[in-house]
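The sequence and structure are shown first.

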Amino acid sequence: MVIFRCLLRGHCCKKYWIPVTHLDLLRIELYTSIKIYPKMLNLYEVSLYEDLSYPHVVFGGEKYFLALNSKEDGSCLFLSPNGRCSIHPYKPLVCRFYPFVYSEKEDNIEIELNDNAIGECPGIILNGRPIPEDVKKSLSILARARILELKMWDDVAMQWNASSYSKKNFDDVGSIFIDFIMKFAREDMKKLREMKLWIP
Ligand code: SF4
(Lines give C-alpha, C1' and ligand atoms only; values in the text may rest on other atoms or scores of the structure.)
Protein backbone atom coordinates (compact mmCIF):
# COMPACT_ATOMS: atom_id res chain seq x y z
CA MET A 1 0.00 0.00 0.00
CA VAL A 2 2.57 2.54 0.97
CA ILE A 3 6.10 3.64 1.77
CA PHE A 4 6.62 7.00 3.41
CA ARG A 5 9.75 9.08 3.75
CA CYS A 6 9.56 12.74 4.73
CA LEU A 7 11.19 14.82 1.97
CA LEU A 8 11.12 18.01 4.05
CA ARG A 9 8.94 19.90 1.59
CA GLY A 10 6.79 21.10 4.48
CA HIS A 11 3.45 20.86 2.64
CA CYS A 12 1.71 19.62 5.78
CA CYS A 13 3.35 22.31 7.94
CA LYS A 14 2.11 25.02 5.55
CA LYS A 15 -1.37 23.75 4.88
CA TYR A 16 -2.83 22.69 8.23
CA TRP A 17 -3.23 24.43 11.54
CA ILE A 18 -1.91 22.40 14.43
CA PRO A 19 -4.19 21.77 17.42
CA VAL A 20 -2.26 21.39 20.66
CA THR A 21 -2.91 20.08 24.15
CA HIS A 22 -1.43 21.22 27.45
CA LEU A 23 0.97 18.24 27.20
CA ASP A 24 2.16 19.18 23.70
CA LEU A 25 3.09 22.59 25.07
CA LEU A 26 4.78 21.12 28.14
CA ARG A 27 6.94 18.86 25.92
CA ILE A 28 8.12 21.89 23.97
CA GLU A 29 9.00 23.78 27.15
CA LEU A 30 10.66 20.83 28.87
CA TYR A 31 12.81 19.54 26.04
CA THR A 32 13.67 22.66 24.06
CA SER A 33 14.82 26.04 25.28
CA ILE A 34 11.53 27.55 24.12
CA LYS A 35 9.24 29.13 26.69
CA ILE A 36 5.57 29.11 25.72
CA TYR A 37 4.04 32.58 25.59
CA PRO A 38 0.64 33.82 24.35
CA LYS A 39 1.76 34.93 20.88
CA MET A 40 2.86 31.35 20.11
CA LEU A 41 -0.75 30.26 20.33
CA ASN A 42 -3.75 30.79 18.10
CA LEU A 43 -7.46 30.21 18.59
CA TYR A 44 -9.80 28.74 15.97
CA GLU A 45 -13.52 29.28 16.39
CA VAL A 46 -15.29 25.97 17.04
CA SER A 47 -18.36 27.13 15.10
CA LEU A 48 -16.31 27.20 11.89
CA TYR A 49 -15.22 23.55 12.22
CA GLU A 50 -18.42 21.65 12.91
CA ASP A 51 -16.95 18.30 11.82
CA LEU A 52 -14.07 18.50 14.28
CA SER A 53 -14.54 16.69 17.58
CA TYR A 54 -11.87 18.04 19.88
CA PRO A 55 -11.70 19.68 23.34
CA HIS A 56 -12.30 23.41 23.26
CA VAL A 57 -11.43 26.33 25.51
CA VAL A 58 -13.59 29.37 26.18
CA PHE A 59 -12.47 32.99 26.07
CA GLY A 60 -14.87 35.92 26.28
CA GLY A 61 -17.75 33.45 26.21
CA GLU A 62 -16.71 32.00 22.80
CA LYS A 63 -15.51 28.44 22.17
CA TYR A 64 -12.14 27.93 20.51
CA PHE A 65 -9.72 25.18 19.55
CA LEU A 66 -6.22 25.86 20.86
CA ALA A 67 -3.50 25.68 18.19
CA LEU A 68 0.02 26.74 17.37
CA ASN A 69 0.30 30.13 15.77
CA SER A 70 1.45 30.47 12.18
CA LYS A 71 3.68 32.86 10.29
CA GLU A 72 2.38 35.46 7.83
CA ASP A 73 2.57 32.98 4.95
CA GLY A 74 0.39 30.55 6.88
CA SER A 75 3.16 28.08 7.70
CA CYS A 76 3.69 26.79 11.23
CA LEU A 77 5.82 29.03 13.41
CA PHE A 78 8.22 26.13 13.96
CA LEU A 79 8.85 25.45 10.27
CA SER A 80 12.44 26.38 9.36
CA PRO A 81 13.36 27.85 5.95
CA ASN A 82 15.07 24.53 5.09
CA GLY A 83 11.75 22.69 5.43
CA ARG A 84 12.65 21.08 8.73
CA CYS A 85 10.62 21.24 11.89
CA SER A 86 12.74 23.18 14.39
CA ILE A 87 11.25 21.16 17.28
CA HIS A 88 11.12 17.85 15.41
CA PRO A 89 11.90 15.41 18.30
CA TYR A 90 9.33 17.11 20.54
CA LYS A 91 6.73 18.25 18.03
CA PRO A 92 3.01 18.00 18.92
CA LEU A 93 1.65 14.47 18.78
CA VAL A 94 -0.77 15.34 15.98
CA CYS A 95 2.20 16.14 13.71
CA ARG A 96 3.76 12.74 14.37
CA PHE A 97 0.99 10.80 12.64
CA TYR A 98 1.04 12.55 9.27
CA PRO A 99 0.53 11.15 6.60
CA PHE A 100 -1.23 8.41 8.56
CA VAL A 101 -4.32 8.52 10.76
CA TYR A 102 -5.47 6.31 13.57
CA SER A 103 -8.93 5.17 14.56
CA GLU A 104 -10.18 3.34 17.62
CA LYS A 105 -12.14 0.15 16.91
CA GLU A 106 -13.31 -1.24 20.26
CA ASP A 107 -10.00 -2.14 21.95
CA ASN A 108 -7.94 -1.98 18.78
CA ILE A 109 -6.11 0.85 17.09
CA GLU A 110 -6.18 0.90 13.32
CA ILE A 111 -3.57 2.80 11.34
CA GLU A 112 -4.38 3.92 7.81
CA LEU A 113 -3.06 6.31 5.24
CA ASN A 114 -4.68 9.74 5.46
CA ASP A 115 -6.66 10.03 2.21
CA ASN A 116 -6.08 13.78 2.13
CA ALA A 117 -2.32 13.22 2.06
CA ILE A 118 -2.41 11.20 -1.18
CA GLY A 119 -1.34 13.46 -4.01
CA GLU A 120 -0.43 16.16 -1.50
CA CYS A 121 2.54 14.68 0.34
CA PRO A 122 5.46 13.95 -2.01
CA GLY A 123 6.98 11.48 0.48
CA ILE A 124 4.26 8.89 -0.08
CA ILE A 125 4.94 6.09 -2.53
CA LEU A 126 2.00 3.80 -3.22
CA ASN A 127 3.46 0.37 -3.96
CA GLY A 128 0.47 -1.88 -3.46
CA ARG A 129 1.84 -3.24 -0.19
CA PRO A 130 0.47 -2.88 3.35
CA ILE A 131 1.78 -0.27 5.78
CA PRO A 132 4.95 -1.83 7.28
CA GLU A 133 4.33 -3.54 10.63
CA ASP A 134 7.00 -1.55 12.48
CA VAL A 135 5.35 1.71 11.36
CA LYS A 136 1.95 0.45 12.47
CA LYS A 137 3.33 -0.67 15.82
CA SER A 138 5.01 2.62 16.68
CA LEU A 139 2.01 4.67 15.54
CA SER A 140 -0.33 2.46 17.58
CA ILE A 141 1.71 3.15 20.73
CA LEU A 142 1.59 6.85 19.89
CA ALA A 143 -2.16 6.66 19.30
CA ARG A 144 -2.81 5.12 22.72
CA ALA A 145 -0.87 7.94 24.36
CA ARG A 146 -2.66 10.51 22.20
CA ILE A 147 -6.10 9.18 23.14
CA LEU A 148 -5.25 9.46 26.83
CA GLU A 149 -3.70 12.91 26.43
CA LEU A 150 -6.83 14.15 24.69
CA LYS A 151 -8.97 12.92 27.59
CA MET A 152 -6.69 14.74 30.01
CA TRP A 153 -6.79 17.87 27.84
CA ASP A 154 -10.58 17.71 27.82
CA ASP A 155 -10.60 17.69 31.64
CA VAL A 156 -8.21 20.64 31.85
CA ALA A 157 -10.16 22.61 29.25
CA MET A 158 -13.37 22.01 31.18
CA GLN A 159 -11.76 23.34 34.36
CA TRP A 160 -10.61 26.44 32.50
CA ASN A 161 -14.06 26.90 30.97
CA ALA A 162 -15.66 26.72 34.41
CA SER A 163 -13.31 29.38 35.78
CA SER A 164 -14.13 33.08 35.85
CA TYR A 165 -11.10 33.74 33.58
CA SER A 166 -12.95 32.19 30.64
CA LYS A 167 -15.21 35.25 30.57
CA LYS A 168 -12.20 37.36 29.57
CA ASN A 169 -10.52 37.64 26.19
CA PHE A 170 -7.35 35.71 25.42
CA ASP A 171 -5.43 38.98 24.94
CA ASP A 172 -6.13 39.84 28.58
CA VAL A 173 -5.59 36.44 30.21
CA GLY A 174 -3.25 34.58 27.82
CA SER A 175 -0.39 34.36 30.32
CA ILE A 176 -2.72 33.28 33.13
CA PHE A 177 -4.14 30.62 30.79
CA ILE A 178 -0.70 29.23 30.00
CA ASP A 179 0.23 29.03 33.71
CA PHE A 180 -3.12 27.37 34.41
CA ILE A 181 -2.77 24.62 31.80
CA MET A 182 0.94 24.04 32.47
CA LYS A 183 0.23 23.31 36.12
CA PHE A 184 -2.15 20.53 35.05
CA ALA A 185 0.27 19.40 32.35
CA ARG A 186 3.00 18.72 34.94
CA GLU A 187 0.57 16.67 37.04
CA ASP A 188 -0.68 14.75 34.01
CA MET A 189 2.87 14.06 32.85
CA LYS A 190 3.57 12.38 36.20
CA LYS A 191 0.48 10.18 35.80
CA LEU A 192 1.49 9.23 32.25
CA ARG A 193 5.02 8.42 33.39
CA GLU A 194 3.63 6.11 36.07
CA MET A 195 1.60 4.36 33.36
CA LYS A 196 4.71 4.26 31.12
CA LEU A 197 2.76 6.20 28.50
CA TRP A 198 4.69 9.46 28.59
CA ILE A 199 5.97 10.37 25.14
CA PRO A 200 8.88 12.86 25.21
S1 SF4 B 1 5.34 21.61 14.79
FE2 SF4 B 1 6.85 20.99 13.29
S3 SF4 B 1 5.95 19.20 12.21
FE4 SF4 B 1 4.28 20.28 13.32
S5 SF4 B 1 3.44 21.69 11.76
FE6 SF4 B 1 4.97 22.83 12.96
S7 SF4 B 1 6.87 22.64 11.76
FE8 SF4 B 1 5.44 21.06 11.01
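Is Cys95 buried, partly exposed or exposed?

## Cysteines

In this predicted model, Cys95 is partly exposed, its relative accessible area being 23%. Cys12 is likewise partly exposed, with a relative accessible area of 23%.

The number of disulfides in the structure is zero. For Cys12, the nearest cysteine sulfur belongs to Cys13 and lies 3.9 Å away; Cys12 is in no disulfide because the pair would have to be within 2.5 Å.

## Nonpolar cores

The largest nonpolar core comprises 41 residues, and Leu25, Val57, Phe59, Leu66 and Phe177 have the most contacts inside it. Among the elements that give two or more residues to this core are helix 2 (22–31), strand 4 (62–68) and helix 4 (133–162). Helix 5 contributes the most, with 11 residues.

Beyond its neighbours within four places in sequence, Leu66 is in contact with residues including Ile18, Leu25, Val57, Trp153, Phe177 and Ile181. A second, separate core has 18 residues, including Ile109, Ile111, Leu113 and Ile124.

## Sheet and packing helices

Three strands form an open sheet in the order 2-4-3, with antiparallel pairing. Strand 2 and strand 3 are at the edges, each with a single partner strand, so one side of each has no neighbour in the sheet. On average, neighbouring strands are turned by 55° against each other, direction ignored.

Strand 3 and strand 4 run antiparallel and are joined by three bridges; Val57 has Tyr64 in strand 4 as its bridge partner. Helix 4 packs on the sheet, touching strand 3 and strand 4, and its direction makes about 20° with that of strand 3. Helix 5 lies across strand 2, strand 3 and strand 4, at about 150° to strand 3.

Notes: Residues are numbered from 1 along each chain as its sequence is written. This is a predicted model: local features need pLDDT of at least 70, side-chain atom pairs count only at pLDDT 80 or more; totals for chains, interfaces and linings use all residues. Side-chain values use heavy atoms; hydrogens and water are left out. Buried means under 20% relative accessible area, exposed over 50%, partly exposed in between (1.4 Å probe, protein chains only). A nonpolar core is a set of buried Ala, Val, Leu, Ile, Met, Phe, Trp, Tyr and Cys residues joined through side-chain atoms within 4.5 Å. Helices (H or I, at least four residues) and strands (E, at least two) are DSSP runs, numbered from the N terminus. Contact means heavy atoms within 4.5 Å. Two strands pair if DSSP finds at least two bridges between them. Axes are lines fitted to C-alpha atoms, for helices over the stretch in contact, and angles run from 0 to 180 degrees between N-to-C directions.
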